[in-house]
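Please find below my notes on this model, arranged as numbered points for someone meeting it for the first time. They are meant to be read with the sequence and the coordinates open alongside.

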Amino acid sequence: QVQLVESGGGLVQPGTSLRLSCAASERPSYGFAMAWFRQAPGKEREFVAVIRWNGGPTIVADSVKDRFTVSGDNVKNTVSLQMNSLKPEDTAVYFCAASSSRPIVSALRQRTTYTYWGQGTQVTVSS
């Protein structure tokens, strides 16, 4: 059972940056995926970004790809989401997720691909 713990959320003003981190209790296996999703009040949980462990391209949702980047640290077993130029519409609970297998590319954006989930961290963008 992999434990995921997110950190780095908070209340920020529009136009500023935040960096979220997700710490995994054990190192993901080669090719497994770790992703970020977010859920705003009254909305479905949506895909934000994903990285394959130990290689492979990262994928960032079109809606945020010009502002968000995802990266992984093989030593610390962490995945980070750098969020720049934040907007009020980025306000949501951000969740880290990990797969328990090597998903195909077409499955990387789907919630059902991921077995393990963190508890979420709140990001609020407001002036």
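**Notes on the predicted model**

1. Thr113 is buried, since its relative accessible area is 16% (buried means under 20% relative accessible area, exposed over 50%, and partly exposed in between, with a 1.4 Å probe and protein chains only). This residue is found in the loop between β9 and β10 (116–117), where strands (E, at least two residues) and helices (H or I, at least four residues) are DSSP runs numbered from the N terminus. Leaving aside residues up to four places away in sequence, Thr113 touches Ser99, Pro103 and Ala107, contact being heavy atoms within 4.5 Å.

2. On the basis of these notes: this is a predicted model, in which local features need pLDDT of at least 70 and side-chain atom pairs count only at pLDDT 80 or more, while totals for chains, interfaces and linings use all residues. Residues are numbered from 1 along each chain as its sequence is written, and side-chain values use heavy atoms, with hydrogens and water left out.

3. Ser100 is also found in the loop between β9 and β10, but with 38% relative accessibility Ser100 counts as partly exposed. Not counting residues up to four places away in sequence, Ser100 touches Phe32, Thr115 and Tyr116. The side chains of Ser100 and Thr115 are joined by a polar contact of 2.7 Å; a polar contact is a pair of N or O atoms within 3.5 Å, where within protein one must be able to donate a hydrogen and the other to accept it, and residues adjacent in sequence count only if both atoms are side-chain atoms. From Ser100 to Glu46 the separation is 54 residues in sequence and 20 Å in space, C-alpha to C-alpha.

4. A search of the whole structure finds one disulfide, a disulfide being a pair of cysteine sulfur atoms within 2.5 Å. Cys22 and Cys96 are the residues joined, with an S to S distance of 2.0 Å. The pair links distant parts of the chain, for Cys22 lies in strand β3 (residues 18–24) and Cys96 in strand β9 (residues 92–98), 74 residues apart. The torsion about the S-S bond of Cys22 and Cys96 is about -80 degrees, and the disulfide is therefore left-handed. Cys22 is buried at a relative accessible area of 0%, and Cys96 likewise counts as buried at 0% relative accessibility.

5. Four strands form an open sheet, in the order β1-β3-β8-β7 and with antiparallel pairing; two strands pair if DSSP finds at least two bridges between them. The edge strands are β1 (4–7) and β7 (68–73), each of which pairs on one side only. Within this sheet, β3 and strand β8 (residues 78–83) pair in the antiparallel sense over six bridges, and Ala23 stands opposite Thr78 in β8.

6. How much of strand β4 (residues 33–39) is buried? Six of its seven residues are, so β4 is largely enclosed by the rest of the structure. β4 pairs with β5 in the antiparallel sense over six bridges, and Ala35 stands opposite Val50 in β5. The hairpin of β4 and β5 has six residues between the strands, and in this hairpin Gly42 takes a positive phi near 75 degrees. β4 also runs antiparallel to β9, to which six bridges join it; the bridge partner of Gln39 in β9 is Val93.

7. Val50 deserves a separate look. This residue is found in strand β5 (residues 46–52) and, at 1% relative accessibility, counts as buried. Not counting residues up to four places away in sequence, Val50 touches Ala33, Met34, Ala35, Thr58, Ile59, Val70, Leu108 and Tyr114. Val50 and Ala61 are eleven residues apart along the chain, and their C-alpha atoms are separated by 9.0 Å.

8. Strand β11 (residues 121–125) has a covered face made of Thr121, Val123 and Val125, and an uncovered one made of Gln122 and Thr124. With strand β2 (residues 10–12), β11 pairs in the parallel sense over three bridges, Gly10 standing opposite Val123. With β9, by contrast, β11 pairs in the antiparallel sense over three bridges, and the bridge partner of Tyr94 in β11 is Thr121.
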